[in-house]
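Let's take a walk through this fold, one piece of packing at a time.

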Amino acid sequence: HNKDSIIQLAAVKFDKDFNRLDSYCCYVKPMEDFEIAPGALEKHGLTKEFILDNGMPSNGVMEVFNAFCKDCDMLSYNGNHFDVPMLYNNLLRYGLSFEFENRTFYDSIVIERKKYSMKLSETYKRYTGEELENAHDAFFDTQELIEVFKHQIKDNPELVEDKNFNLPSLEDFLKFNEDGELIFTFGKYRNKKTNDICMSDPGYIKWIFENDF
């Protein structure tokens, strides 16, 4: 999140009745030299040449987009973990602030996880239609997990071929500095002590605790 640059930015503004009010979409050309990682290129298909030819300078885009989002709540899919911190850091590069405290962040993947529980017993029942017996016994849980995985790869055989799982690291968010003090590693408070931010900007801490970190 701290080092990556946005190369396409899109949003749709809608009201509480889901009436579409406005939209924004733009290819973004980073101000600094950049390369597109092979894994990213495979996903979005946007080459460096395309971005250089079609992208708008990122400093101008970020200012326009920040104004577009002013006073709006935000909806994303896994954005509380990925998109919002990346957007925040890209805005920060150009001296633009981003208001957390007075807006609500809705994340559809969090809602989906709440709807379909990730508990092993309920996942097992969802795939097999049977109740999980001896739940929380480590040995029985292990056997039932194998049964869940068997159903998962039967329905989605491509999953076993994807070995590049993107596992989040604690250092994506927090780490201890040389003095043993806990500090942030992302956002406007990068390298700032968490204790200090709890006192000076409790709204930022509240946003972190209310979202899916």
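Start with helix H6 (residues 120-128) and helix H7 (residues 138-155), whose axes come within 10 Å and cross at roughly 45°. That makes H6 oblique to H7, oblique being what is left once angles under 35 degrees count as roughly parallel, over 145 as roughly antiparallel and 65 to 115 as roughly perpendicular. The axes here are lines fitted to C-alpha atoms, for helices over the stretch in contact, and angles run from 0 to 180 degrees between N-to-C directions. Helices (H or I, at least four residues) and strands (E, at least two) are DSSP runs, numbered from the N terminus.

A word on where this comes from: it's a predicted model, with local features needing pLDDT of at least 70 and side-chain atom pairs counting only at pLDDT 80 or more, while totals for chains, interfaces and linings use all residues. Residues are numbered from 1 along each chain as its sequence is written, and side-chain values use heavy atoms, with hydrogens and water left out.

Back to the helices: H6 passes H7 in a left-handed crossing. On the H6 side, the contact (heavy atoms within 4.5 Å) includes Leu120, Tyr124 and Tyr127, and among its H7 residues are Leu145, Val148 and His151. By class, the contact of H6 with H7 has 5 nonpolar, 4 polar and 4 charged residues.

Helix H3 (residues 58-68) packs against helix H4 (residues 83-92) at an angle of about 120°, their axes 9 Å apart. That makes H3 oblique to H4, and their crossing is left-handed too. Which residues of H3 and H4 meet? From H3 come Met62, Phe65 and Asn66, and from H4 come Leu87, Asn90 and Leu91. This contact has 4 nonpolar and 2 polar residues, and no charged ones.

H3 also leads us to a sheet: it lies across E1, E2 and E3, running at about 165° to E2. The sheet is open, with 3 strands in the order E1-E2-E3 and mixed pairing. Strand E1 (8-14) and strand E3 (56-57) each have a single partner strand, so one side of each is left without a neighbour in the sheet. Strand E2 (residues 20-29) pairs with E3 in the parallel sense over 2 bridges, and Val28 stands opposite Met56 in E3.

Finally, look at Ser76, found in strand E4 (residues 74-76). Ser76 is buried (under 20% relative accessible area), at 17%. Beyond its neighbours within four places in sequence, Ser76 is in contact with Tyr106, Asp107 and Ser108.

Key
Left-handed = near helix turned anticlockwise from the far one by under 90°. Nonpolar A, V, L, I, M, F, W, Y, C, P; charged D, E, K, R; others polar. Buried < 20%, exposed > 50% of the residue type's maximum accessible area, 1.4 Å probe, protein only. Pairing = 2+ DSSP bridges.
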